[in-house]
Every structure is written in structure tokens, then in C-alpha cells.
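Let me put the sequence and the model up on the screen, and then I'll talk you through them.

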Amino acid sequence: MISWQWNTFDELGPHDLYQVLALRQRVFVIEQQCIYPDLDGHDQQAMHLLGWQTVDGQRRLSAYLRVLAPGAKYVEMSLGRVLTAPEARTTGAGKQLLTEGIARAERRHPGHAIRIGAQHYLERFYQSFGFVTVSAPYDEDGIQHVDMLRAVAPEAAA
């Protein structure tokens with residue numbers, strides 16, 4: 001079972017922020033061997049969704065993403081730094097993360113589409129959540145990406 005935490009940057013305590021940054025480094029820099037500036041100046045304006053699980057009596061960060069408001073990075077709101085800890089993969093944690101993240105993003109910014117820069121190999125995964133590919137593949141930090149867009153939720157457009 002995943003326990004969700006939804007905070008602004010200022011609401012994140014130092015221990016939780018450390019866990020977020022350590023997991024982002026572990027997945028994006030070490031595992032994917034991608035040297036890039038993870039600390040990109042967007043965290044301070046983002047909402048952060050943290051998914052915690054208790055494993056062997058220890059609270060562990062299993063899933064994470066951040067939500068940027070419309071205009072912060074793209075015209076649309078965006079999801080970014082989407083990740084699942086290696087030990088939580090194949091458990092459904094990624095699907096739960098996207099479901100929870102989309103719902104919270106749409107409540108926070110109703111009436112706005114969502115844009116993501118998705119790693120190309122995850123294109124079908126994001127399509128299953130209603131994202132449509134809107135760019136050709138491109139290289140970002142040595143990994144093929146595509147831009148994807150999720151239209152405004154029908155109830156928000158009404």
C-alpha cells in the first residue's frame with residue numbers, strides 16, 4: 001500500500017526533500033547514467049507528490065513526481081521527474097503514481113492540459129493515461145524523449 005504526500009517545496013521537510021533528491025539521483029543519474037542538472041530551478045515552484053511504502057518496518061520513498069503550474073515550463077501544466085524506485089517496479093506503483101498525480105494536478109489547475117517530456121520507451125505507458133505524442137523523438141541528455149500532451153479533462157472543460 002502506498003501512502004501519498006502532496007506538498008509545496010517549502011512544506012517538504014529536510015528529511016523528505018533529502019529522500020526525493022537521493023532517489024532522483026539514484027534513478028536518473030546513476031541507474032540511467034545521465035549526467036544532467038537535476039536541480040533545475042523548478043522545484044521551488046512545483047507541487048511534489050511522494051509515494052511512501054513501509055518495507056520491513058522502514059518508511060521508504062517508492063514513487064515520486066512533480067507538478068508545474070501552467071506557464072512555469074510550458075504553456076500547459078506539466079508533470080516531471082516521474083519515477084518509481086527500482087525495488088517498487090512491477091508492483092503497480094508507477095500506475096498508481098500517474099493516476100494520483102494526474103488527479104491532483106487536474107484539481108490544482110482545472111481546465112488545463114498536461115504536457116510531459118517522456119522517455120521514448122515509456123510512450124505506450126503514458127498513452128494508457130490519455131497522453132498523445134506531439135513531437136518526433138529527440139535526444140535529451142543522451143536519452144530519447146518525446147513530448148506528449150493530455151487534453152483537458154472533459155468535466156473540467158464543461
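Some housekeeping before that. This is a predicted model, where local features need pLDDT of at least 70 and side-chain atom pairs count only at pLDDT 80 or more, while totals for chains, interfaces and linings use all residues. Residues are numbered from 1 along each chain as its sequence is written, and side-chain values use heavy atoms, with hydrogens and water left out.

So, the cores. In soluble globular proteins, nonpolar side chains tend to be buried together. When I say nonpolar core, I mean a set of buried Ala, Val, Leu, Ile, Met, Phe, Trp, Tyr and Cys residues joined through side-chain atoms within 4.5 Å. Buried is under 20% relative accessible area, exposed is over 50%, and partly exposed is in between, with a 1.4 Å probe and protein chains only.

The largest core here has 19 residues, and the members touching the most others are Leu-79, Ile-114, Ile-116 and Phe-131. At least two residues each come from strand 2 (47-55), strand 3 (58-68), strand 4 (77-84), helix 2 (93-108), strand 5 (114-119) and strand 8 (143-150). Helix 2 has the largest share, four residues.

Click on Phe-131 if you have the model open. Ignoring neighbours within four places in sequence, Phe-131 contacts Leu-79, Leu-98, Ile-102, Ile-114, Ile-116, Tyr-126, Met-148, Leu-149 and Arg-150, with contact meaning heavy atoms within 4.5 Å. There's also a second, separate core of 17 residues, including Ile-2, Leu-23, Trp-52 and Tyr-64.

On to charges. How many salt bridges does the structure hold? The count is 12, where a salt bridge is a side-chain nitrogen of Lys or Arg within 4 Å of a carboxyl oxygen of Asp or Glu.

Arg-89 and Glu-31 pair up at 2.7 Å, N to O. Arg-89 sits in the loop between strand 4 and helix 2, and Glu-31 in helix 1 (residues 14-31), so this bridge ties together parts 58 residues apart in sequence. Arg-89 is partly exposed at 30% relative accessibility, and Glu-31 is partly exposed at 38%.

Next, Arg-66 with Asp-43, whose closest N and O atoms are 2.8 Å apart. That pair also links distant parts of the chain, since Arg-66 is in strand 3 and Asp-43 is in the loop between helix 1 and strand 2, 23 residues apart. Buried or exposed? Arg-66 counts as buried, at 2% relative accessibility, and Asp-43 counts as buried too, at 6%.

Third, Glu-100 and Arg-104, with closest N and O atoms 2.7 Å apart. Both lie in helix 2, four residues apart, about one turn of the helix. Glu-100 is partly exposed at 21%, while Arg-104 is buried at 18%. And there's a network: bridges with shared partners join Arg-24, Asp-38, Asp-40, Asp-43, Arg-66 and Arg-81.

Thr-90 isn't a glycine, yet its phi is positive, about 70°. You'll find Thr-90 in the loop between strand 4 and helix 2, exposed at 86% relative accessible area. Asp-141 is another non-glycine with a positive phi, near 55°. Asp-141 is in the loop between strand 7 (138-140) and strand 8, partly exposed at 38%.

Last up, the pocket. The largest one holds about 900 Å³ of space. Its lining counts 41 residues, with Phe-28, Val-82, Leu-83, Leu-122 and Tyr-126 nearest the centre. A pocket here is an open set of points on a 1 Å grid over the protein atoms alone, where a 1.4 Å probe fits, with protein on both sides within 12 Å along at least five of seven lines; lining residues have an atom within 4 Å of a point. Points are joined across faces, edges and corners, and the volume is the space filled by probe spheres set on them.

Which element gives the most to that lining? Strand 4 does, with seven residues. By class, the lining has 21 nonpolar, 11 polar and nine charged residues; Ala, Val, Leu, Ile, Met, Phe, Trp, Tyr, Cys and Pro count as nonpolar, Asp, Glu, Lys and Arg as charged, and the others, Gly among them, as polar.
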